[in-house]
Structure formats: C-alpha cells, structure tokens
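Please keep the sequence and the structure at hand while reading.

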Amino acid sequence: MCFFLTDKEDLKKEKKVVCGYPISIFFIVVNEFCERFSYYGMRAVLVLYFKYFLQWDDDLATSIYHTFVALCYLTPILGAIVADSWLGKFKTIIYLSIVYAIGQVAMAVSAIHDITDSDRDGTPNNMTFHVVLSMVGLFLIALGTGGIKPCVAAFGGDQFDDHQEKQRRTFFSVFYLCINGGSLLSTIITPILRGQTCGIYSQQKCYALAFGVPAALMVVSLVVFIVGSGMYYKAKPEGNIMLSVCKCIGFAIKNRYRHRSKAYPKRKHWMDWAEEKYDRLLIAQIKMVLKVLFLYIPLPMFWTLFDQKGSRWTLQATTMDGNFGQLVIQPDQMQTFNPILILTLVPIMESVVYPLIKKCGFNFTPLKRMTVGMFLAALAFVCAGVVQLQIDKTLPIFPSTSESQLKLLNMGNNQLEVHLPNNFTVHLPPAQASEEYFTYKEQEVSISIGNPPVTETIPLVKGKRQTLLIPPTIREEWILCSKHLYCRFVNGLATDLNVSTAAVNFGIIEPLTSSNYSLLKNGKHTFSLKSGSQSCEYTIKFGFGSSYTIFIPSTFTFGPNCQESVTEVEEIKPNSVHMALQIPQYFLITAGEVMFSVTGLEFSYSQAPSNMKAVLQAGWLLTVAVGNFIVLIVAEIAKLPKKWAEFFLFASLLVAVCVIFSIMAYFYTYIDPTEIEAQFSQEKDEEDEDEKDKMRKTEEHVTKRGSVKSNDSDNAFKLSKM
C-alpha cells in the first residue's frame, strides 16, 4: 500500500491519499452503507409493524407507509437548499444524521410492547403512546434521510482534485454499490430479526430488535462520519441554483402579468419576460429544464405502483405460504428480489438487450424505453391481481363491520344439542367444536342447550370472531373468547394446567378457562403440559397464517400417548397459495424500474445544462413523492372491497398514463444543451466584441475631437498675442 501527499488549491493544506484515493472517502462509503442498511431495514418491516403491532387495518397501514415514503422524497429539496445556501454539506450531514439517529431510536422504543403491557398479555394497553412515539420517529427519519440524500454523494465528489476524474468515477460506482448492498442485506436480515420472539413478560414478534439494529447502524454511520472529520475537504456554501431558477421563473410570471395588456407585443416564450433582469443564457437553460420537467408530469403514476411492493405486495405475502423446502421466506423478505434483480438486470440490459435491439434496426430511444418500463409495471400489477384472485379463494370469510361470527366448543364429555337463532340446531360431539362459524347481524343472540333447556343471551362484537366455551355442567358460567389469531390452549381439566414451549410460556391456565393467544413460528412445536406432578409432551405443526385452539378435555390422561386425547380446533386454515407466485410480478416491476428509472435519469441529464442537474434531481424526487401521495389518496378514497380490483385499477391507470406519455414523447425533440450553451456564449462573445469596437471607435472619435480643439485654441492664442 502506498501513501503520498497531494495539494488542493482550495484546501490550502496537505491531505493523505491511499493509492490515488483520499482517505476521507472511505469514511463516506462506510457511512453510506450503514445509513442505507438502516433506512431500508426499517422500511422493510414497517407496514407489518403497523398491521400487527399497532393493529391498524390494511388501508390505514398502507396510507401511513406511503405518507412516510413521500416525505422521504420531499425533504431532499430542503436538505439541498440548506446545504448549498447556509450550513454547507458537512454540517448538514452531521446535524440531520443526529436527527435521523434519534428517529430510529424512537422507532425501536415504540416497538417494545412491555412498556405499556400492564396486564402482561402481550398486547400494549396504552396504544396511543406507541402510535405517537412511532409517528415522531418516522417524521425525524424522513427529515434526516431525505435531508442528507443530496449531500453525501456530492460531498464525496468534493474530496477529489480536478485531475482525479477516474478515481471520482470509481468512487461513485462503489458508492451506489454500497446503496444496493445495504438495501439487499437489510431486507434479508431485518425480517429475520422481526420473526424472532422477545419480551420481558410475554414473548411476541420482535419488532423492537428489527428496528433496534437499523438504529444501531445509523449511530455507527454517524460516528464513522465524525471520525473522518479532520480529513474532509469542506467546501463553503455557494448558493443554490434552485433558488435562482425559482426567482427567475417568478419574475417572468410577475412581469408577464404586469404586461398582460394587448398594448405590449407578445414574446416567443413566456420566460422571455425575464430578460429585463436576468441573463439570456440562464433563461435559455431554464427553458431547456422546463421542457424536460413537462415530460415529468405523467411519471408519478409509475412510482404509485412501484412503491407498493413495500406495502400492498408485502401484505399480500402475509396470506401466502413461504415454505421453500429447507428455506422459509418471511413475507417482508420477498422485497429482497428487487435489489437482487436490479444487480442482475442492469448489466444484462446494457450489454445484451439494448445492443440486440439496436442491431435489429429499431431506434429504441430513451423515451421509448421509459414507455416500455411503465407498461411492464402495469403488467406486474395485472399479475398481482391474478395472484390475489387465487388467494381470495382460500381465505376465510371474516365478518363485515355490521356482522359478527360465533363458534361453539363443547368442553364436556357428552354430546350437546344446541339451539341457535332462526330455529337452527347443532349437535356438538364431546370435546369438539362446531365445524364452521355462524354469522349474525344482531348485537345479541339467545342460545339454548339441553332438556330442560338452559338459555343464555350472548353479546357479540361487530366485525369480530368469537368462540363460546360451553362448560361440562351447563348451568356453570359460559365463557366467550375473542381475538382469533395464532394459538391458544383451553383447559377442560378440573385442575390447573401449565403449558409452555421453547418460544412461549402460556403460564398457568385455570380450570374451564383459556389462555391468551400467542404468536408462534410456522413449523413443528413441542409443548410441555404439566398438572401437579404429572406431565407430558404434545407436538403440533403450524402452517403459514394458521390459527388454532388446542383443547385439553376432562378425559385427558397424562402419559406417552397424551397426544391422542388432545382436540385441535383449526380457527383459520394455513395459507395454501405459494409465495413463489409473486416472483413474476417482482421480475416485471424490477425490469420496468431498470428501463424507466435508470433510463429516465440518463435522459434527463442528457437534456439539461450541466449547472441544472440539481433542479432535475429535485423534479425527479418530486415525482416519487407525488406518486406515493396518489397511493394514499386511492387507498383512503376508493376503498375497494376487493384487493384484486385495486390492483387492476392501478394497472389500468398506468396504462392510460403510459399512452399519454407516449404521445408526449412522440412530439418531443431531442436537444444538445452543450451546443445551445456554446451558441449563446458565441453570441455573447460577438456582442462583447461589437461593444468593444464601439468603445474603441468612440474613444478614437473623442481623441480626434480633442486634438482639433487643441489646435483651435493655439491659433486663438497666437492671434490674441499678435
């Protein structure tokens, strides 16, 4: 390894370089990897945290998720203005990274259920605390990650001298590799952490760990960046081009409004009204940028579909079977296919697909690529809709908000004849449950059992499933249980029963009562059943998405064959549609992203002046933000009852937008900004030369007149002397 020193005029001091690269960039690369791991890791499990921890419905979880993503793509504009006009890139990164880290820590704390779980049943009792803390954390994260987004890459580029162009290009390649690497690893690791169980009083899915590791990585990112502080070149703020562009556009609009009367002659372009105050070259550059920004108008619809892979598609995966033989995929791990496919498809597209299309004689322009990318994204949602139709055939029918459902469980040793409303009779075998749920619209139902009949009025909860535990002695208290998720035990013995497994301790269950529901991983689980000095082991295999009530009847006998006397009541059947069916939609959406996003940025940069790249970057990020806002508008306003219908709706909207964009692209004329700028520079040089010629002629004329006046005065003096 070779060490040597180099000079930088602006830095005015020597800095260490390792084989042509400033040491400072290694701190920046590590910082970016940790920050991207932190962001994508937290985001991977976010929608499931909303649904299962905060207990929000799918629509609310989707809306808040996309609101957060939209904010993450709005705040970069603010970060760029603050860095370029006030604090500088270094201080902006430091300050906003601190805000970012605080937000991640707040998210991790908000996911600790034991903080407010006063009754120790695994569910927070003060959900408001967790909701408020998580919302504050997400706002700080959006402010931090968005604010530093435009600064870190540019700050890394500042570390190189002008003669280090090759090293600078290599740095950016490694920089973006770190972004994809951090994204890939985090979407694999954090869902695994979420799948673990943790807790002080009760074991639940470990969202605190899934958020805690990204928080720790963000702190590491901040510390690494600060450690390299003494080695950085820190450019002073030089003003933000976006502010100049906005002021120029504002002046043009205001000036045009002042001269709206027909008495004033029209100008070729409305931006020409800014000529009274601003340079013609700046106005020409803004015209070029506005021409590209006009094409951005239909683009948000692509991001509306694309970013749903982290919300709607993840929620879809929760209703599917993730068992791939020896490998078990969590619902939020399906997002991993996106970065994997990006790293695979980008080189294939650039080195195989595009050259092959060119050889076939087809002019596959950037705008045509973007159109195809949008169409592929629409096809991806058609695939998602077809998959959802298959899932809907296997899902249980849950009660609507105006209905409730009831299941019966006979805890006794004799068959029961149960009389339900509408003269419906059910025969329940001993230690068995009814095969199905009974749906009612009434708030209360009367149920009669036995002869002479014992009648009870059972209160029902709208929109919920409940189970009625019928004791062996009919005249004893009937117990109504709700919250049908995961697994629980019902003790039909006359003595206390202790149930535990390696992951969960159900605790002591009193006679003729049930335990709380507990969350368990899919696969085989062995439970230890103890009553006094007696014990035995019971094994059951859980499928993805299944829910069970395990009934220990009064005839239960401890011993090696205790498994045979246990009654398993399947509340919800395991998911039967395999997650592999999501792979085609992930392939199509990623292929669309490669053709749309990568090509779109390349096209935008080729069509705008070099000093306007920041404006285009801001416009591009704005399309992502608007796209996410469209998702929450549709989710909250449309409220389509069927998910497949929503997928097809989004696909139809994108196809319609795709047609509009293709028409706009057809009439677009490609330009060369460098040539136009050179033309303006040449005209300016010619004007300067003309101005100099005029000045020179004026000076010569003045000099000539001065000499004539001098001769006249001399003659007058001579005459007066004579």
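**P347 in helix α12**

P347 sits in helix α12, which covers residues 337–359; helices (H or I, at least four residues) and strands (E, at least two) are DSSP runs, numbered from the N terminus. With a relative accessible area of 41%, P347 is partly exposed. Here buried means under 20% relative accessible area, exposed over 50%, and partly exposed in between (1.4 Å probe, protein chains only). When neighbours within four places in sequence are left aside, P347 is in contact with I342 and V352, where contact means heavy atoms within 4.5 Å.

This is a predicted model, in which local features need pLDDT of at least 70 and side-chain atom pairs count only at pLDDT 80 or more, while totals for chains, interfaces and linings use all residues. Residues are numbered from 1 along each chain as its sequence is written, and side-chain values use heavy atoms, with hydrogens and water left out.

**Domains**

The chain is divided into domain 1 (24–236), domain 2 (279–394 + 575–673) and domain 3 (404–572), with bounds that come from an automatic or database domain assignment. Between the centres of domain 1 and domain 3, taken over C-alpha atoms, there are 44 Å.

**Nonpolar cores**

A nonpolar core is a set of buried Ala, Val, Leu, Ile, Met, Phe, Trp, Tyr and Cys residues joined through side-chain atoms within 4.5 Å. The largest one has 134 residues, and L46, Y49, F50, F68 and F211 are those with the most contacts inside it. Helix α13 (residues 366–394) contributes the most to this core, namely eleven residues. Domain 1 and domain 2 both supply residues to this core, so it lies between them. Another core, of 21 residues, lies apart from it and has L493, I540, F542 and I552 among its members.

L46 is in contact with Y65, F68, M107, L138 and F211, leaving aside its neighbours within four places in sequence. L46 also belongs to the buried residues of helix α2, together with V47, L48, Y49, F50 and F53. Helix α2 (residues 46–53) is thus mostly covered, with six of its eight residues buried. After α2 comes Q55, whose phi is positive, near 60°.

N31 is placed in helix α1 (residues 24–44). Its relative accessibility is 2%, so N31 counts as buried. Not counting residues up to four places away in sequence, N31 touches V152, S221, L222, V224 and F225.

F381 is placed in helix α13 and, at 0% relative accessibility, counts as buried. Not counting residues up to four places away in sequence, F381 touches L305, Q308, W313, F647, F650 and A651. The C-alpha atoms of F381 and L133 are 34 Å apart, and the two residues are 248 residues apart along the chain.

**Packing of α8 on α15**

Helix α8 (residues 241–258) packs against helix α15 (residues 613–637) at an angle of about 85°, and their axes are 8 Å apart. Axes are lines fitted to C-alpha atoms, for helices over the stretch in contact, and angles run from 0 to 180 degrees between N-to-C directions. The angle makes α8 roughly perpendicular to α15; angles under 35 degrees count as roughly parallel, over 145 as roughly antiparallel, 65 to 115 as roughly perpendicular and the rest as oblique.

I241, M242 and V245 of α8 meet A614, V615 and A618 of α15 in this contact. Its residues divide into six nonpolar, no polar and no charged, where Ala, Val, Leu, Ile, Met, Phe, Trp, Tyr, Cys and Pro count as nonpolar, Asp, Glu, Lys and Arg as charged, and the others, Gly among them, as polar.
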